[in-house]
Structures are given as structure tokens and as C-alpha cells.
Amino acid sequence: MDLLFQYIGLGVSSVFQGPEGGLWLLPVGMVLIGVLVGIIIGAVPGMSGPFAMAIALPILVSIFGYGNEALYPVLGCLLGIMKGATVGGAVPAILFRTPGTPDAFLTTLDGYPMAQKGLGRKAIQTAHFSSVLGDNFSDLVLFIAAPAIALAVERILGLPEKSALIILSLCFMAAVVGQAPLKGLLGGLLGMFVSLIGSSMSGNGPRLTFGMPELGNGLPLTSAVLGVLVISEVLVSIEDMRNDRSGRTEGPTKRPEMGPRLTWGERARMLPGILRGASIGTVIGALPGIGTTTAATLSYDSARRASRHPEQFGKGTPEGVVATESANSAVSGANLIPVMSLGIPGNSAAVFIILAVETIGDFAFGPQVFQFTPIREIEGFDTIMNAGLVTAFGMFTMMVIANFWNWTLGGMLMGLLGHLVKIPKSIILPVILTVSLTAAYTQDGGYLGLLTAAVFSLIGYGLRRLDVSILPFVIGFLLAPTLEGLVRGAFTASGGDPFFLLKSPIALGMLALSAFLLIRMVRQARRA
Amino acid sequence: MKKTLMMTAALSLLAAPAFAEWNPDGPIRLWIGYGAGGGTDVQGRTLAKEIEALRGWKVLPENKAGEDGTVMSAQLKGEAADGQTLGFAITTTYDFAPMNSDNLSPEDFTYITTTAGSQMAVLARAESGWQSLEDLKAAADAGEQIVWANWGTQVEAGAEIVARALGITVNHLRTKGGKGALNALVSMDANVGWGGGVQKPLVEAGVLNILASAETTPVALAPEKPTLKDAGVDLNLGYQYIITAPAGLPDEIRDEIAGVVAEILNNPESETRQFIEKQYPPAPIVTQGAALREQILTTYDANVDMMKALAE
Amino acid sequence: MTSRPAEDQADTGQATPGQGGSWNLWLGLGTLAFVVLCLLVWFPRDIGSGFLQKNLTGRTVPGDAFFPVLLVGLMVPLAVLLVLSQLRPRAGSTGEPVGHIGLSNLGFLGQIILLTGVSLMAMNWAGTGLVALTNAIGLTAFSGYRAASATFPFDVSGFFAGGVLLTCGFIRITCHRLGLRHILVAMAVVAGLILLFDGLLNDIQLPPNADL
């Protein structure tokens, strides 16, 4: 227990202590910048948290570099954006019925009618209160669950079990994301396949490169993800605008009366609802692939069923806003549970957190992070400890700091967001495109990075237009190298046993579950 | 910046008859064969900065990572041999890797200078209690399955040579890079592994033990541990960091660049030297020009023989 | 990005069952063709070691083709199922929901590929052009763009020209017109990027300077 507190203490102080030992406010400042950017971006319809994270990552890396000391400022900013965006999205949803982020869509159902009734301020404050509280709740669960799961997992999982776990999470993801699981899984396999281009592990030279030596180290990761996740969505929006010749301007409708403030008594009465929503959001968020929208929907339905006045839902009850906002914000913290304990990302925001960690410094996610190595100090030498664990607690600290900014500045800023003049989407999208392509070039190997982003944006465009969910493709792309290493390692370490994956009961169980999910998918496809 | 450039240009013009000094026509591109943020990258970047400060040449570092420098080298060999595109990798890239490659040969490059050397060692988890190769052999003889983590064909061959010399069987686990081998060790996927220098923090933290040095001398972290040669295994897996250019680089350009690097590495105040002393102790290793080319070609032949012997 | 309910509905509403369904067929068949192409043409030519290989100890270990073959192998049953569920659907079913890519979409893609291509050309050659110009009028005496690629303003001239062209081109698509205000916005954005990457940060190369 003592050791735990020692590590927590080190983790907290590592955020405030610079490489030279003095007071260091850069990470705190970057978290603040992240939260502010996140809230503002979240409030701009057509932009979302992962969007801003995707563009920020290469720019931040260019600024802070790849060294270990760059990790906190970059990660702090990204975490801030992630958290700020969940708060900001509610404002335009309530005032103008245009959700700023996808997960705020359900907030329009009750938030907008509230604003129309002259209770805009109350609705915004309700959204802020339940959103930030839900976020805090899921962070708390993350802080406890991630180390616990990591410790349990590291003890029982060898190479075959780790391989089976990745296969299972991919199958699960394909099964739950989107309407078309078969195509989702095919997309996942395709994502895995393209990640094999270039590097090989055998020392026999690059593979699948069409003879281009530039591809020898594989496709640049950040550019590829930027292309398939962000630029492709920009392209889809640009095409929609191109085809929309009606010429209607998307200026905000008249801002309604704001009305009275939220009282402390009202806040207290919301707590049970927030707790329910946050619990649902946390459970959903911890599972890979199920997004904020699902969490919000489930929470909204369960709140309506539990309510004494279910008929008021959809007509402007604060209970509805509480249900959706607490649930969708709770997803973001819980999403990091599989990331931090297993290294498996569950949604787009987590993808960029993982990318940042992989790009910068020595720290890497996975069960090894949570080894509680005894801290020993050796005279005239160095302190002996698990630096990764300190970083993990440092990351938790930055999340708490982000929550603090969200509580304080978030509340103030949300009140002001309604005044902000909306930047027209028709200009911001082309700008995003140029900035993304430039970032891909500067960070990821020149034209190779730029062209990778371009080609992957075409793949993403195709997937989006054919209604195939993109997440399995991205996760497959990110996890395939790990999976190949694990599968090859398990095969070799077993001494070349062709049934190496089926020898362990745990691995067998996980593969059986994957097979079950597959069969379910197929039957669903035939019934559809 | 521009001013200094002009001044150096002017100065070199004045000095031209005496020294016939070479100056680049525009910026020099230094291609680092490893990813950003690693030890090679830091070394290359500080060196670039110091060359610029010393000579006023603009040196632009660029990362071209992959396969231990071979991805970078495959691109480098097609560039113009005018001293304005240089590569930064390790000697293994040139004295071993070309063996398995259709498009690389040791003759494709001009070897300019080495900068630092590795700290290659056999590692085991501290909690295994193994302190030496004998302990490893005893454990293997007692029936424990030995999985040896490596990151490439050469070190895998090295592991096999050690295993044969000890009379034990090992399963080889190929990981991604030196860091991957360490991760495999720590997460108990392997129980022995190679480390080229990245092991420093883990050895200092008492997580890993050094069993033996695979250099010609004991490694700095564990000076009391024997070399493989002491233990009766004729194997040297040590490597040096090296600056190269495409084949056909004129000798005066080669020597000019090598001279600048030597000047920096010999200066105790230099940032690069201090980094090397810390990261690749004890001091920079500076082999240059014809001697370096000789070293690469002989080691290449020795490695070819080693692999042939193994295959038999 | 997480799926956007509003848009998803719009998209699926756009795709009529019969028309969209054939895409399942094409995707399934396309995947099968891709797998065949990989196994017969691409893999044999472009992967150094086979499915399994003998290592130094004479033991059999997975080669570089091991995982790729496994992956494309797994694609086959999924693709077959996709085709089957489309060809022989149960009563009242239309197979998996699927979107639609039509000629208009392809037209759009052609347009943006052309635009991006032209902009990249501008990025790549504007610097060379500028150096030739200043050399011709006697302002500079560079041996070529490569020699000037670390000297302002030559080093950023290509990026400026290409970046402004790219941004303006896309604004023209979204707004259906291109005003002076739009051009100024594009120039400001690109100038801002130059200031950030070239001015404030060291060792960052803007296009095309990392590819000379």
C-alpha cells in the first residue's frame, strides 16, 4: 500500500517537475490549452474531439519533439482536447439543435426544447454539470480498473492468450460497430493487411513494397490514420457541400432567452440520474468499439423507463439532458481502460492517445506498465523504480487537471460559446485539409507521408460511402504488427506446434467466443 | 545565419590555395537510419548541429527508419556522391545486412567515420537469479525451456552460436528492435535476450542482469562480467555507429567530413561527445577512411563465413 | 470518427435496397479477386521468405508470408458469406445494409485527385522555377533548387504556391465560387503554417524539401 502511495506521489509530482528538477508548468498549461481548444472545437458543428486530436498530434510532435520530456505536454494537450470536446458539444445542440459533436446528438432531444422554453442557461448548466461529473466518475473507475486488470492479465496471459485476446476484441468490435458486421470484419482484415506492407520481422528485407525502398519501414502510421479517419470525413462533407447548390447559409438561428441559473438543490436532485448515466457510459466505454452514441441512447432509454414522468422525455426535461450528457462523457475515461491495461484502443480518441504514446519517448501502454517495482534509492547512483508506472500516474494526474479546468473554465466558457460567431464550415474544411496534408508531410517522411494520407483518405471515403464502419479498419491497422509478433512468437516458442493457439484453455475460450460472435454476425447478415 | 555562411565562404576562398578545402553547394542532408527520439537520432541531430556551428555548413537531419538502417541505405545508394547526402546507421547495416539483401552490397557505399560503439550483452531477468552463462546452462540442463529474444538474423545467429557452445537448445524469439527484445524479457515471453545499449535503465533498476559481454571488452555497466570470448565462445557482436555516403565519394570530401566529425568528437566540451560518453560509454570510437572501409569489408567476409558455418 | 446518427440515417436512406445490395456482391467478388491476385501474383513476387521457413537451427518457423497468407485466407469465408447472403437471401431480406458509390461520387473523386495532383506539382516545381527566374535576372547564382533549398524565400516558395492553390481549389468546391476574401484566407493559412513549421520550429521540412 505504501508503495502505491509512493508511486502516486511520484506520478503527481512528475507532472509539475521539469526535466531539470524545477517547477514545470508546461504540462498543466498544455492541458489548459487542450481543454479550451476541445471545448471550442466541440462546439463547432462538423468538428469533433478526435478530429482536433488528429490534427494536433503531428503539430505537437513537431513542436515538442520525440524525446521523453515531450510526452507530458503532448499527451496533456490531447487529453485536454478529448475531455473539452465532450463538454463543448452540448452548447449548439441545446441552443440551435445542431449537435457540435456526434455524441451530443441525443442532447438535442431535450436540451433544445428546454432552450425554446426559455431555460437555455439551465439546460447548458445541466449539461455541463452532468457531463463533467460523468467524466470524473469514469476517470475514477479507470484509475482503479486499469491497474487491477493489467495485474490480473499479466499474470495469466502468455503469447497465445495475448494473440487470442486481440482476435477476440477485433471480432467483438466488428460485431458491435455499425450495421454491417461482415464488411466491418473484412475492413478489419484489410486494415491489418495494409499494415504489413513494408517491414518484415525475419531480416529477409522488406515485403510487399512494389520495389519501392521508401516503403521499407512500412506505411507511416500517423498519416495513415489521419487519412482514413479525418481526411476521409472531410472529403465526404466537402462532397455533400459541393452537391448542395441550394446556397443556404448555415448561420445560427436567433439565440433564445437564456433564463435562470441552475440551483444547487436542482443539482443535488440530478445526482442519482448522473450516477446511472455515468455507470452505463463507463461500462459501454470499457468495451472496445461501442461508441458514445450507443452509451447515450442506452442511458436515455433507461432514464425514461426509470422516470416517474416518462411522457416528458423529448419535450424538454432536464432528466433527458442529464442522461445523455453523463453517459457520453463517461465513455471517454472508460475508453482508456483497455488502452492502458492491454494496449487495445476502443474508439477514435483512444487511437490518437495510443499513437501519441507510440510516437513519443520510451513509454508504451500494456500490462507491463503496472508492475509495482519496489522503489529503492542507491547512494551516489539513481533511484530504481518502474518509470512507466510513474508516467501512468502522471497521465492520471493530467486527466484530473483537465477535469479541474473543465469544472471551472468549462462552465464559464460554455456560457460564452453561444456568442461565438460560427466559422463557416465551407472554409474550415478546406483549411483542415491543407493543414492535415502539411502535417502528414512534415512529420511522416515527406511525400511518402502525404501520399499515404491521401490514399488512406480514399480508402476511408470508400468505406464511409459504402456504410462500412471504419473503426475495425483502423484498429486492425494499428494492432496487426503486435498480433503478427505475438502469433509468430507463440508459434516459435511452442516449438512449431501448428495448434499453438489452441493449447491453452484461456486462449481456446477466447477463440471460441470469437467464433460465436462470427456465427452470430453471419446469421444476422442473412436475416437482415 | 546567412552572414556566417557568406563569411565562411569568403574565408574558405582566401584559404583555398593552402588547404583546398571542400564546401558543400547548399545544404547537406543527413539521413538517420532510425526513428526519431532514439539514441541514434539524438546523436545524429546533435552532431548535425555541431557541424553547422563549426563549419557553417547547413546540415538537415531527416529520419528514414527501418530494418536497422537498411531502408535508409537502400535509398542512399542511389543518391549523388557529392557529400551532400549522408547516412547515419550502424556497421551491422553494411557488414552483415547486405548478405540477405538483393539490392545492397558493402561496395555500394563510402565509409566516412564511426562515432560510437555498442554495449552488446547477454541479458536475463534478475528474478531468474542467473548471474552467468553457467547458470543459464544449469537451468537449461535442469529442463527449463530457454527462449532467447533477438531482433535480427545476425544476433539470432549469435544466440545460436552461444547455445551450441554451451551445449543447450534454445527457442529463438524474433522481436521488433532492441526495445522489443527487452519488453519480451520483462514480460516473461523470453528468459534470455540480447541488449545493445538500451538495456541501461533496466539493468540499473535491477530488473535485468548482464550475464556476459558480447564485445571484445567487458561492458561498462558490468565490468566484472566476462566477455563471450573469455567464456570460450568466439563471437563479437559489437557494432559501431557510422556515417556513410554513396559509393564514389571523392576522397577529399570524405576526409574533410571525417575531419570535422573527429574534431567534434575529440573536443571534451562537445555536446555529442558528452552524449556518447553517457549513452555509449566509455568514449567515442573514431575509425575513418580507408581503415574503416577495410574493417567493414573484413567483418563482412567473416560474417559470411560465420553464417556458412552455422548452416552446415 | 464515431458514427453520426443524423448522417448515417441520411446515407442509408439514400441507398435503395436493390441498388445498394449489388455493392455487397461486388465487394465480395472484389475481395475474392484480390485474394487470388495476392496469392498468385503479388505475394510470390514481393515477399522474400515463404509461408514457413527453416531457421538457423533447422527448425521450421513462420516466414514473412505466414501472416499475410493467414489474413487473406480469413477474407475468403467472409467474402463468400457476403456474396451468398446477397445471392440467396432469406425471405424478406436484402442482405447486409450497404451504401452506394455512383458516377457522381467518382466524378467528385476525379476532381479532387486532379486538384491535389496539380497543387502538388506546383509545390514541387514552383521553387525550381523561382530559382531559375532569379538566376536569369542575375539576382542569385544558385546551381539549382537543391542548393537553394535552405534559403528563404526559395525554401518555402513551392509550399506557398501549392498550399494556396490547394486551399483555394477546395474552397471553390465547397462555396461554388472563389472570392478575394477566400484567397486571402488561404494565403493567411499557408503563411501561418510556414511561420509555424519553418519559422518557429527547427529541422522541420516543408514540401518539397524533404524529397530532394
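I took pLDDT as the predictor's confidence in each residue, from 0 to 100, and helices (H or I, at least four residues) and strands (E, at least two) as DSSP runs numbered from the N terminus. This is a predicted model, in which local features need pLDDT of at least 70 and side-chain atom pairs count only at pLDDT 80 or more, while totals for chains, interfaces and linings use all residues. Residues are numbered from 1 along each chain as its sequence is written, and chains are lettered from A and ligands numbered from 1 in the order in which they are written.

Confidence. I noted ipTM 0.89 and pTM 0.87 for the model. Among the elements of chain C, the lowest mean pLDDT, 38, belongs to helix H1 (residues 5-14) of chain C, and the highest, 96, to helix H6 (residues 154-175) of chain C. Chain C as a whole averages 85, with 86% of the residues scoring at least 70.

Chain A. I found 20 helices and 2 strands in chain A. Its radius of gyration (over C-alpha atoms) is 23 Å, close to the 24 Å that the globule rule (2.2 Å times the number of residues to the power 0.38) gives for 528 residues, so chain A is as compact as a globular protein of that length.

Contact of chains C and B. Counting two residues as in contact if their C-beta atoms, placed from the backbone, lie within 7 Å, I found 12 residues from chain C and 12 residues from chain B taking part.
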